[in-house]
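Here are some notes for your read-through.

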Amino acid sequence: MLEIKDLKASTGDTPILNGVSLSVKAGEVHAIMGPNGSGKSTLAQVIAGHDDYAVTGGSVEYKGRDLLELEPEERARDGIFLGFQYPVEIPGVNNAYLLKAALNAKRKHHGLDEIDAFEFLKLAKEKMVLLGMDPKFLNRGVNEGFSGGEKKRNEILQMAMLEPDLAILDETDSGLDIDALKAVAHGINSLRSPDRAIVLVTHYQRLLDYVEPDVVHVLSAGRILRSGDKSLALELEEKGYDWVKEAANA
Amino acid sequence: MSVLALPDKALRTAVRELPENALAANRQAALARFLERGFPTTRLEDWKYTDLTSIADISQRWLESGAPTATAASVSGRVEEIRAVVGIDWIVIGNGAIVDGTHIAGSEGLSIATFSELKHAPGYEHPLADLNAALLPDGLHIHVHAHSHHDRPLGLLFVDGADSQPGVTQTRVFIELDEGSQAQFVEYHASIGEADHYANSVVELSLAKGASADYVRIQARDGGHTQTHRTAISLQASSTIRYSGFDLGGRLVRNDLDIDIGGKEATVLVGGLYIAGDGQHIDNHVRIDHRVGPARSEQEFRGILGGRCRCVWNGKAIVQPGADGTDAEQSNHNLLLSERAEIDAKPELEIYADEVKCSHGTTVGQIDDAALFYLRSRGLDKQDAMRALTRAFGASIVSHSPIAAVADHLTEIVERRLTALTEDSDA
C-alpha cells in the first residue's frame, strides 16, 4: 500500500529525513518509534503533504501511484488520514461541518452522492458513543477549547468517520490519561482490517500494549535504524534508544 | 478653501428643478452651506484615508449632463429579486424616489409619512448632510408610537442605478421611536447598471425613554458604485439599540455612524462586517458619545480583505465629564487574504470622567496556515478550506445580527462574497 524509498526531506536548510525506506502492506499495523527530533512527525507530515517540508530525494508510492505529486486534499480523498500530534483549534468552523465536508469530499471523489443529513448524524453519533464522546462536541468549533484528550479523541472520531485505507497516527497517545488511551486504542482497533494499514508514530511503548503492532521500526536522525516485531518495542522500553544507536554504529 | 467643490451654477439649477414642496426653503439654506464648504477633503483628519475625488467627479458629470433622475422603474428588477428572498414589509426607495410601501402606514402603532407632508426640515450639520438636504426630493418619516411593539421588521430598500448616464441620489429617513416602543428595521442598499453612481444618504434614529430598536444595515451595491452614508442615533434613558452593519459591495463606500447617549442606562451594541475585494474602498467611522452615565456601548467590527483593496475602521468613544459608570468596549479584527490589501484601523478613546470602564483592541492577521493544512488534510480543497476559515472569521458578526428574518439571506450573500474573494485570492 505504501512504499517509501530512500526518502529525504528538509525544512528550510535543515535536513530532517536522511533516507527513509519503509514498506507497509494492507492489513498491517506498523509502529514507528524514536527519540525526540528523530524525524517521526516529519515523516507523517510529508506523507500527508505538508508544504513546510521539501522532499529532496527518494520516492513515496501509495497504491502504486506517486504520492508526492498529489495535493494534501487529494491524498485525503484517496484514503490517507493523518492524526495530528497537535490538532489545530479552528474557532467558528463547526465540528459537524468539518466531518460532513470531509466525508462528502471523499464520497465525491469515489463518485458517490453526498451523505444525507440524517444518515450523517446517525453515523457520527454512533462513532462518538464508541469513543466515549458527548454528541454535543459536534456543534462546537473544531477542537475549540478541547482538552488534550478530547482533541485526540476527536482525531480518532474523524478517522472512524472517514474510514481511511492508510491511517498515520502521530503521537496520538501523548498526553492521554489511561481511560482516554483505552478509548483511543479501542477506536484504532475497531478499524483494523485486512484492507487497511495503520502506522502509529509514538515515543513510548504504552499505546502498543493496547494496539498490537505487526512491525516496529526505530527512527533516529532521519533514518530507520532497526525494524523488528513487537518485542523490539519492549526492548526499547527497557534499554532506551541509545542502545539501538550504538548497535547501529557498531 | 475646499478643493472638492461642485460647479455653483449647475448645482443651483439642479436644486431649483427639484419637485416643489415644503422642503424648498430648507434646500436653499443647505445649498448655501454646502457651496461654502464643498466635500470634505483628505486634509481633514477624519477623511485622510478616504478621498472623495471620484465622488465629486461623478457628481460633476451628473450636473453637467443636466442632473438626470433615473426612474424608479429602471431598478424594479433588483427590487423584486430582494423582495423574493427577504419576506418582510418593504418601503422601496428607487433612485431616490419613495415608490412603494407607504401603505404600511396603516399598521397599528406606526405612522409613515414624507418630510414634505409633515413639513419636517432635515437638519444639516455636516457637508454631506448639507448636500443631501440641498438635493433631497423628499424624505421618509417613520414614527413608532409609544409602547407599541412591532415584531415584524420594517424594511427600507434603497436601490439605485442606470445604464447610460452618471447618477446621483439623495435619500433621507427619520425614525422616531416613542417611549417604551420596540421595532425592528432592515436597511438595504443595492444598485445595478453600468453607469457611475453616487448615493448619499442620511438616516436618523431617535429613541425615547425605554425604547428599543434592532437594526440591520446591508450594503450590497454593485462593484462600480459609490456611497456616503451617515447614521445618527440618539438614545434617551433605558433605551437600547442593537445595530449590525454589513458592507459587501461598492467601489468607494464611506459610512459614518454617530451615536449620542443622552440618557442613563442606555445600551448600544454595534456589530459590523466589511468584506472587500479588488478595487474596493470601504470606510467605517463610528463615534459613540457617552454624555451621560451609567450606560454601556459595545462595538465589534470585523473585516475580510482580499485583492488590492483598502478598508478603514475608526472607532471612537467619548466619555464626557460626569458620565460616570460608562462601560465602553470597542474591537476591530481584520483578516487579510492578500498582500495588497490594506487596513487602516484607528481605535480612539477620549475619557473625561473618572468612574469608567473602557477598552479597545485591534488585530490584523492572515489565514492560519496550520488550520488551512488541517482542513485540506481532511479532504477539503483549498478554496473550500479558505472559505470555511474566512466564514468562521466573520461568523460572530453574522450570527449576532439581531434580525432573524434576514439571517438566511445575509448568510447567503456573505457566502457568495467570500466565494468570489477566495477564488480571486492567490493567498
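1. A term first. A pocket here is an open set of grid points with protein on both sides within 12 Å along at least five of seven lines, and a lining residue has an atom within 4 Å of a point. Keep in mind that this is a predicted model.

2. The largest pocket holds about 600 Å³ of space. Its lining counts 27 residues. Nearest the centre lie D51(A), D369(B), L372(B), R376(B) and K382(B). Two or more lining residues come from each of α2 (72-77) of chain A and α7 (369-376) and α8 (382-399) of chain B. The top contributor is α7(B), with four residues. By class, the lining splits into 13 nonpolar, four polar and ten charged residues.

3. The second largest pocket has a volume of about 410 Å³. It is lined by 25 residues, and W62(B), A67(B), P68(B), T69(B) and V168(B) sit closest to its centre. Here β6(B) gives the most, again with four residues.

4. How many cavities of 30 Å³ or more does a search of the whole structure find? The count is four. The largest cavity has a volume of about 70 Å³. Of its 13 lining residues, R217(B), Y243(B), N255(B), L257(B) and N284(B) are closest to the centre. At least two lining residues come from each of β10, β11 (240-247), β12 and β14 (281-290) of chain B. The lining has four nonpolar, seven polar and two charged residues.

5. Helix α3 (residues 53-64) of chain B passes a simple length check. Its twelve residues, at 1.5 Å each, should span 16 Å, and the end C-alpha atoms are 16 Å apart. The expected span uses one less than the number of residues.

6. Which residues of α3(B) are buried? They are I55(B), A56(B), I58(B), S59(B), W62(B) and L63(B). They cover an arc of only 160 degrees around the axis, so they fall on the same side of α3(B). Their cover includes α1 (8-16), α6 (127-135), β6 (167-177), β8 (197-207), β10 (226-235) and β12 (252-261) of chain B. Just after the helix, G66(B) takes a positive phi of about 90 degrees.

7. H141(B) belongs to strand β4 (residues 140-144) of chain B. Is H141(B) buried or exposed? Its relative accessible area is 9%, under the 20% cut-off, so H141(B) counts as buried. Leaving out residues up to four places away in sequence, H141(B) touches S111(B), I112(B), A113(B), F115(B), L118(B), H120(B), F174(B) and E176(B).

8. Some backbone values deserve a look. Most residues other than glycine have a negative phi, and most peptide bonds are trans. A221(A) has a positive phi, near 50 degrees. A221(A) sits in the loop between β11 (215-220) and β12 (223-228) of chain A. At 51% relative accessibility, A221(A) is exposed.

9. H147(B) also has a positive phi, about 60 degrees, and is not a glycine. Its place is the loop between β4 and β5 (154-160) of chain B. H147(B) is exposed, at 55% relative accessible area.

10. Last, the peptide bond from G293(B) to P294(B) is cis, with omega near 0 degrees. P294(B) lies in the loop between β14 and β15 (295-305) of chain B.

Definitions and conventions. Residues numbered from 1 in each chain as written. Chains lettered and ligands numbered in written order. Predicted model: local features only at pLDDT ≥ 70, side-chain atom pairs only at ≥ 80, totals over all residues. Heavy atoms only, no water. Buried < 20%, exposed > 50% of the residue type's maximum accessible area, 1.4 Å probe, protein only. Contact = heavy atoms within 4.5 Å. Arc of directions from axis to C-beta. 1 Å grid on protein atoms, 1.4 Å probe; cavity = no way out; pocket = protein on both sides within 12 Å on 5 of 7 lines; lining within 4 Å. Points joined across faces, edges and corners; volume = space filled by probe spheres on them. Nonpolar A, V, L, I, M, F, W, Y, C, P; charged D, E, K, R; others polar.
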